Amino acid sequence: MKLNCKVIKKFLTITSIIFAIVCGILLLAFVLLNTKQAQGYLLQHTTQYLSTKIGSPVRISAVEYNFFTEFQFSGIEVQDKENEDLLLVEDVYVRFRLLPLLKQKLIINTLTITKPQIYMAIDTVGVSNFQ
């Protein structure tokens, strides 16, 4: 009986340590994401990625996050080929599932776009201002 108690006690100790480490890592990630440096890094890389993908300048004024599955991007501006406004959005709120990201899949639960303004034009020759 003493052997079983020692094994159970050791198991509980190891489990507690692993749980504390995981909680510590999550807390550290939460704190780091609240720093201006981390938010600036996220903002810079998001705008670069989007600009590259769509082939037009993209600007985002601010980014906020709520825990690990919710982001809000504010002051979004997308320019057209002539560097004129193509899309202006006050806010984009995104809520997604966390676990599918481990499999490199993005599953969005909620996408809310606030006050979008789209400026599409076609000139007399038939050339549009969007790609």
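User: What should I know about the model before we start?
Analyst: The model is predicted, so local features need pLDDT of at least 70 and side-chain atom pairs count only at pLDDT 80 or more, while totals for chains, interfaces and linings use all residues. Residues are numbered from 1 along each chain as its sequence is written, and side-chain values use heavy atoms, with hydrogens and water left out.

User: In what order do the strands of the sheet come?
Analyst: The order is 1-2-3-4 in an open sheet of 4 strands, with antiparallel pairing. Strands here are DSSP runs of E with at least two residues, helices are runs of H or I with at least four, and both are numbered from the N terminus. Two strands pair if DSSP finds at least two bridges between them.

User: Which are the edge strands?
Analyst: Strand 1 (58-66) and strand 4, each of which pairs on one side only. On average, neighbouring strands of this sheet are turned by 10 degrees against each other, direction ignored. Axes are lines fitted to C-alpha atoms, for helices over the stretch in contact, and angles run from 0 to 180 degrees between N-to-C directions.

User: How many bridges join strand 1 and strand 2?
Analyst: They pair in the antiparallel sense over 8 bridges. Arg 59 stands opposite Glu 77 in strand 2.

User: What packs on the sheet?
Analyst: Helix 2 (residues 36-54) does, touching strand 1 and strand 2. The direction of helix 2 makes about 135 degrees with that of strand 1. Contact means heavy atoms within 4.5 Å.

User: New topic. Is Gln 79 buried or exposed?
Analyst: Gln 79 is buried, at 4% relative accessibility. Buried means under 20% relative accessible area, exposed over 50%, and partly exposed in between (1.4 Å probe, protein chains only). Gln 79 is in strand 2 (residues 70-79).

User: What does the side chain of Gln 79 make a polar contact with?
Analyst: The side chain of Asp 85, at 3.1 Å. A polar contact is a pair of N or O atoms within 3.5 Å; within protein, one must be able to donate a hydrogen and the other to accept it, and residues adjacent in sequence count only if both atoms are side-chain atoms. Beyond four places in sequence, Gln 79 is in contact with residues including Ser 56, Arg 59 and Leu 86.

User: And where is Gln 104?
Analyst: Gln 104 lies in the loop between strand 3 (85-96) and strand 4 (108-118). Its phi is near 60 degrees, a positive value in a residue other than glycine. Gln 104 is exposed, with a relative accessible area of 77%.

User: What about the phi of Lys 115?
Analyst: Lys 115 has a positive phi of about 50 degrees, although it is not a glycine. Lys 115 lies in strand 4 and is exposed, at 55% relative accessible area.
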